[in-house]
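Please work through each task before reading its solution.

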Amino acid sequence: MNIETSKTKPANKAQGVNEYERERVPDSKLKGIGSFVGMYAGEHAAGTEFVIGPLFVAHGVSAVELVIGLLIGNLLAVLSWALICAPIAVKNRITLYYQLEKICGSKLVNFYNIANGLMFCFLAGSMIAVSATAIGIPFNMKMPGLNDFYPNSISWILAVFFVGAIITVVAMRGYEMVAKVANIAAPWMILVFLSAGIAVLPELGVSSIGEFWSVAKEKIWVGATASDVSKFNFWHVTFFAWFANMAMHIGMADMSVLRYAKKWQYGFSSATGVYIGHYMAWIAAGILYSVVLIQIVPEGYTLAEYLPQVTSGDLPPVAPGPLAFNAAGLAGAICVVIAGWTTANPTIYRAGLAFQSIFPKQNRMQVTMIAGAVATIGAIFPALVMKLLDFVALYGLVLMPMGAVIFIDHYFMKKFNLHSNYAELAGIKFNAPAGIAWIVTLCICVGLNIFGGVEIFFLGLPGWFIAAILYIVSSKIAQKKQLVIN
C-alpha cells in the first residue's frame, strides 16, 4: 500500500473548523438524531418546493395521481436513505469523496468531484434564485417567466448576489452551523407552508374539509396541461419523488453528513424532510399556484377546458416569493427566503467538500466560498429554476452510478473474491472498472432517453443496476490481470 492520504493533516484544523475531510469522524463528534431531524426538515422544506409544487399543476397531474404517487415515492426515498446510504456512512464515517478516492483512485475521482461539485452548485443556485424572488418583492422586481433563460433586470442580479453571499457565509462555517440554522428555521417554515396552503382554500371555494377533495380534482390538479407542456401521470410523480434526491441517497452523497450519525437508523430521519417538504409542501405550493392560475380562466370555462387552448407563455410565472406573499403576507415572503437558505446551505457545504477533495491541501472554507460564488452566478439564470424538474432528474442521474459502485464495493466484492477499495490497495490513481461503470452507464441512459424514448425521470432505477453489473464484471476482468494483493 503506497497511499499516504489517510495521514494527511486536515486542512482546516488550524482555522478551528475541522470537518474530517480525510479521516474518520471521531466518536466525540457524533451527533444525536435531533441534528438530522432538523437538517432534513430544513433542507427539504425548501424554497424550491414553491417551484416543484406548481410544476406538477402545470404538467397536468391529477389529484389522485399526486396524492398516491407522493406517498409511495417518498417512502421509497426514505428507505433508500435508511437502508442503502446510512449503514455505509455510519460504518466507514468518511466523506463520499474520500471513500471514492479509495475505490476509484485520485485521478478518476477528481473528474467525478468536478461534476459532483458543479451539480451541487447549480442545485444550490436554483435555491438562491428562489429566495431572490422574495427579496425582490419590496422593490416591485419583475419576476422571471416560465420560458425565461437570461436575467431580465439588474434588480434580479442584485437580489441573487445578496442572497448568495449570506448563504455562502453560513456554509463556510461547516456542518455544525448548517445544522444549527436548519434546526432554528425548520419548525417555523413548516407552519408557514401549511398555513399558506390553508389560507387560500376559501378563494377556491373550500369552506370545509369535506369540500377539499372535490375542489382539488376540479380546480387544482385537473389533469390538463397547456398545449406545449408535457403531460405527467402517476409514474412521473412516484419516480420523481423517489429520485428527486437520487444523488443523495442511492448516489451516496449524504454519506458526508450521515457519517456524523451515532446510528444508521438515523437515516429514517429523512422522513421528516420528504413527508413535510416533498409531500405537504408540494401540495401546498400547488394550491397557491392554482389560485393564481384560475384567475386567467375566462368566464364559462373550467381550468381543464381552458389549459389545452393556451401555451406555457400564457401561464402566470412560477415565482415562489409572490406566491407565498399573496397567501401569507410578509411571513410567506420571509419563509421563501429562509427556506432557500436552509436548503442551499448544506448543498453548498457538499459542493465545498467535493472541491476540497480535489485540492486537499486547500482550506475547506476557501473552496466553499468558491462553490458559493459558482452557485450564485448560476442563480442569475432563471432557467435553472423554471426547468427544475428536469435539472433535478439530470443531476441525480449523473451522480448515481458512483453510488452503485460504493454499494457493491462495500457489500459484494468479497462475495465475488474481489478486493474492495482497490485503488488504495493497488496504489493506482485510476480504477478502470469504476470509470467504466460511471461513463458507460451514463452513455446507456442517454441512449435509452434519445433512441428508446425513456424519459429522464425513469432512468435512475435501471441505471443503478446497470452500473452495479458493469462494476462487478469489469472488476473481475481487471483484477485478474493485476497482481494479487495480500
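**Exercise 1.** Determine how many helices and strands the protein chain has.

*Solution.* The protein chain contains 19 helices and zero strands, where helices (H or I, at least four residues) and strands (E, at least two) are DSSP runs numbered from the N terminus. Its radius of gyration, taken over C-alpha atoms, is 23 Å, close to the 23 Å that the globule rule gives for 486 residues, so the chain is as compact as a globular protein of that length. That rule is 2.2 Å times the number of residues to the power 0.38.

The model is predicted: local features need pLDDT of at least 70, side-chain atom pairs count only at pLDDT 80 or more, and totals for chains, interfaces and linings use all residues. Residues are numbered from 1 along each chain as its sequence is written, and side-chain values use heavy atoms, leaving out hydrogens and water.

**Exercise 2.** Check whether the span of helix α5 agrees with its number of residues.

*Solution.* First, the expected span is 1.5 Å times one less than the number of residues.

**Exercise 3.** State what share of the protein chain is buried, and how many residues of α5 are.

*Solution.* Buried means under 20% relative accessible area (1.4 Å probe, protein chains only). Of the 486 residues, 59% count as buried. In α5, 21 of the 30 residues are buried, leaving the helix mostly covered.

**Exercise 4.** List residues that Leu 96 touches.

*Solution.* Contact means heavy atoms within 4.5 Å. Not counting residues up to four places away in sequence, the partners of Leu 96 include Tyr 112, Asn 116, Met 252 and Ile 406.

Technical notes: Buried < 20%, exposed > 50% of the residue type's maximum accessible area, 1.4 Å probe, protein only.
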